[in-house]
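Reader: I'd like to learn how to read contacts, packing and ring pairs from a model. Could you walk me through it?

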Amino acid sequence: MKVASLAVGLVLAAGPAASPNPHLDRARTQSDDFEHAAALLSLEAALAQLDNDLPTMLAIYELRGIVWGTLNNAPKARAAFVVLLTLDPARELSGDQPPRVRTPFYEAKALVDRAGALTLTRTPPVSADGQLTI
């Protein structure tokens, strides 16, 4: 898996914090209630919400990895954790997770460590003649 080619639909809100994501809240409740299939659907809806800020996106991908790991789907758990760790390489797995969740997390961490994390930079828009454009 090549991390550099990973496409992530991430909208970073400028100004005030983005609104909370009710789908993420619902997914957390569903996961806590062992309704994992429903939690995955809620997480898909959470990802589709366009005003997610970075902490919300990180929470979505972490919970996605936890749910897939809980369902013993290591490849999908690892893929979610790769996105999470690409965006936040210092991230630690929350809670006391079983090995079927921790293992794909640490595998993803090794992949991201080898490939390198995503570095976000913001460059000002410049015209062809080198002038700053607004």
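Reader: Let's start with Val 67: which residues does it touch, not counting residues up to four places away in sequence?

Author: Contact means heavy atoms within 4.5 Å. By that rule Val 67 touches Ser 31, His 36, Ala 39, Leu 40 and Leu 43. This is a predicted model, where local features need pLDDT of at least 70 and side-chain atom pairs count only at pLDDT 80 or more, while totals for chains, interfaces and linings use all residues. Residues are numbered from 1 along each chain as its sequence is written, and side-chain values use heavy atoms, leaving out hydrogens and water.

Reader: Is Val 67 buried or exposed?

Author: Buried means under 20% relative accessible area, exposed over 50%, and partly exposed in between (1.4 Å probe, protein chains only). Val 67 has 0% relative accessibility, so it counts as buried. Its place is in helix α3; helices here are DSSP runs of H or I with at least four residues, numbered from the N terminus.

Reader: How do I read the packing of two helices?

Author: Two packed helices are described by the angle between their axes and the distance between the axes. Axes are lines fitted to C-alpha atoms over the stretch in contact, and angles run from 0 to 180 degrees between N-to-C directions. Here α1 (residues 22-32) and α3 (residues 54-70) pack at about 25°, with axes 11 Å apart. The two helices are therefore roughly parallel, a label for angles under 35 degrees. On the α1 side the contact is made by Leu 24, Ala 27, Arg 28 and Ser 31, and on the α3 side by Thr 56, Ala 59, Ile 60, Leu 63 and Val 67.

Reader: And how many aromatic pairs does a search of the whole structure find?

Author: A pair of aromatic rings is described by the distance of the centres and the angle of the planes. Rings of Phe, Tyr and Trp (its six-membered ring) pair if their centres lie within 6.5 Å; planes under 30 degrees apart count as stacked, over 60 as edge-to-face and the rest as tilted. The search finds two pairs. The ring centres of Phe 81 and Phe 105 are 5.3 Å apart with planes at 85°, so this pair is edge-to-face. Phe 81 belongs to helix α4 and Phe 105 to helix α5 (residues 99-115), so the pair ties together parts 24 residues apart in sequence. Phe 105 and Tyr 106 are also edge-to-face, with centres 5.3 Å apart and planes at 80°.

Reader: Which residues form one aromatic cluster?

Author: Phe 81, Phe 105 and Tyr 106 do. Phe 81 is buried at 0%, whereas Tyr 106 is partly exposed at 46%.

Definitions and conventions. Angles under 35 degrees count as roughly parallel, over 145 as roughly antiparallel, 65 to 115 as roughly perpendicular and the rest as oblique.
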